[in-house]
Amino acid sequence: MIWEGDPAVQAMLRAAGALLFCAAAWHKLRNPRAFREALGGYRLLPASWLRPAALVLPCAELGAVLALVTPALAAAGAAAGAALLLVYAGAIGVNLARGRRSIDCGCGGPGGRRPIGPGLLWRNAGLVAALLLAAQPPSPRPWTWLDGVTLVAGVTTLALLYAAFDVLLANRARSGAARDAEILEAGWATR
Amino acid sequence: MGDALIVSNVLLWIAVIALGALVLALLRQIGVLHERIGPAGALVGREGPRTGEAAPVLDVVDWNGRPLRIGAPDSDGRGTLLLFVSPTCPVCETLLPLVSSVRNAEDRRLRVWLASDGPREEHEAFVALHGLARGGYVLSTELGLAFEVARLPYAVLLDRDGVIRARGLVNSREHLESLFEAQERGVASMQEFLERDGDRRVA
């Protein structure tokens, strides 16, 4: 059975998803070198693939943005966005499993070097759940002006909460116990 | 009734947005506080040869194949800064510009060696990218073992007689500078300095 979302909720989730990927792609394209280095830090792709991959990922994000804001393609866009986030979560999970906690997540935006951690996996899981909801078709219900208020206010609130969670993760990375994780424990200790 | 719900709904949205903004602002302030109270000196572990002891003397070969002896009294009367780094350590990379500026500024008083370990091919790109071959880059597992380097970037400051004057984990410019400060003040580390200061205040 397909769950039918309320049009206001669907519109809000889709707009918020578009905003999220727009910001993500913007950060990656504005500083391609930093993103390429972060990507290399994951040690998942051969070095010759880094340059194309660092271009393909933000372009895929922009593609998801365009699809999300096109009513006919919104469901596909939301699913594509969820798939992208799952790929990122997989890359983070693999490196956490390898014990490489100190690498840059590549998601910090300008000047935001940030180690990866389980917090990012939780965040991605939440975002994927929201995008899967957004991929469901909305139920037919006439759109009223109050839905407009819900859309604008809801997207603003989601953006603020996302930014707050982001700062929270950054603070945790900075404070006490996590500070040790930021220092690379490679080299002599592990050999 | 309908109007009342609409008014209350809009007011609640405004309140939710205001609270969201407030939470964000508070979290940012916490971030600033974390930065302010972070340690301002190099952290020294219990491992490794201690400050004031003679450094272990080791014969190693630098990147260009030149043999050199580390830890022995220096014939030119210069001190030695050993900075242990790794190509896979992002914090180390942020210190490299500082290393070259220290090299230039302190050339008459100090030799600076970057030390790492592992197979040479893992370091080729790193050395080429940052132009480290000229300045002195040493690949030696023994060196790291001798100073019992556990975490990176780790710095050891030796005086002209090969005695360890300061050492510690250096994560930033301030940490590295604190080593020089520690040498000038004759204390082993920032921690020791603070402890001493604390004792004086108690007395």
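Two residues are in contact here if their C-beta atoms, placed from the backbone, lie within 7 Å. In this predicted model, the contact between the two chains takes 24 residues from chain A and 28 residues from chain B. Sorted by class, the side of chain A that touches chain B has 15 nonpolar, five polar and four charged residues.

The secondary structure of chain A comes to seven helices and zero strands, so that, by the DSSP runs used to assign helices and strands, its elements from the N terminus on read α-α-α-α-α-α-α. Chain A has 191 residues, of which 34% count as buried, and among its contacts between residues at least 6 apart in sequence, 71% join residues at least 24 apart.

The largest nonpolar core holds 42 residues, and the members that touch the most others are A:Ala64, A:Leu68, A:Ala78 and A:Leu131. At least two residues of this core are supplied by each of H1 (7-30), H2, H3, H4 (74-97), H5 (118-134) and H6 (145-174) of chain A, with the largest share, nine residues, coming from H1(A). Once neighbours within four places in sequence are left aside, A:Leu68 is in contact with A:Arg14, A:Gly17, A:Ala18, A:Ala74, A:Gly77, A:Ala78 and A:Gly81. A second, separate core of 32 residues includes B:Cys89, B:Val91, B:Ala115 and B:Leu143.

A:Glu4 belongs to the segment before H1 of chain A, and A:Arg43 to the loop between helix H2 (32-41) and helix H3 (47-69) of chain A. A residue is buried if 20 or more other C-beta atoms lie within 10 Å of its own and exposed if 12 or fewer do; A:Glu4 therefore counts as partly exposed, because 13 other C-beta atoms lie within 10 Å, and A:Arg43 is likewise partly exposed because it has 14 C-beta neighbours inside 10 Å. The backbone of A:Arg43 has a phi near 55 degrees, a positive value in a residue other than glycine. A:Glu4 lies 135 residues from A:Ser139 in sequence, yet the two are 5.3 Å apart in space, C-alpha to C-alpha. Apart from neighbours within four places in sequence, the contacts of A:Glu4 are A:Gln136, A:Pro137, A:Pro138 and A:Ser139.

| Strand pair | Bridges | A bridge pair |
|---|---|---|
| S3(B) (residues 79-84) and S4(B) (residues 110-116) | six | B:Leu81 and B:Val112 |
| S4(B) and S5(B) (residues 137-139) | three | B:Leu114 and B:Tyr137 |

Between S3(B) and S4(B) the chain passes through helix H2 (residues 90-105) of chain B, and this β-α-β crossover is right-handed. A right-handed β-α-β unit is also made by S4(B), helix H3 (residues 121-130) of chain B and S5(B).

Definitions and conventions: Residues are numbered from 1 along each chain as its sequence is written. Chains are lettered from A and ligands numbered from 1 in the order in which they are written. This is a predicted model: local features need pLDDT of at least 70, side-chain atom pairs count only at pLDDT 80 or more; totals for chains, interfaces and linings use all residues. Two strands pair if DSSP finds at least two bridges between them. Helices (H or I, at least four residues) and strands (E, at least two) are DSSP runs, numbered from the N terminus. A crossover is right-handed if, with the strands pointing away from the viewer, the path from the first strand over the helix to the second runs clockwise. A nonpolar core is a set of buried Ala, Val, Leu, Ile, Met, Phe, Trp, Tyr and Cys residues joined through C-beta atoms within 7 Å. Ala, Val, Leu, Ile, Met, Phe, Trp, Tyr, Cys and Pro count as nonpolar, Asp, Glu, Lys and Arg as charged, and the others, Gly among them, as polar.
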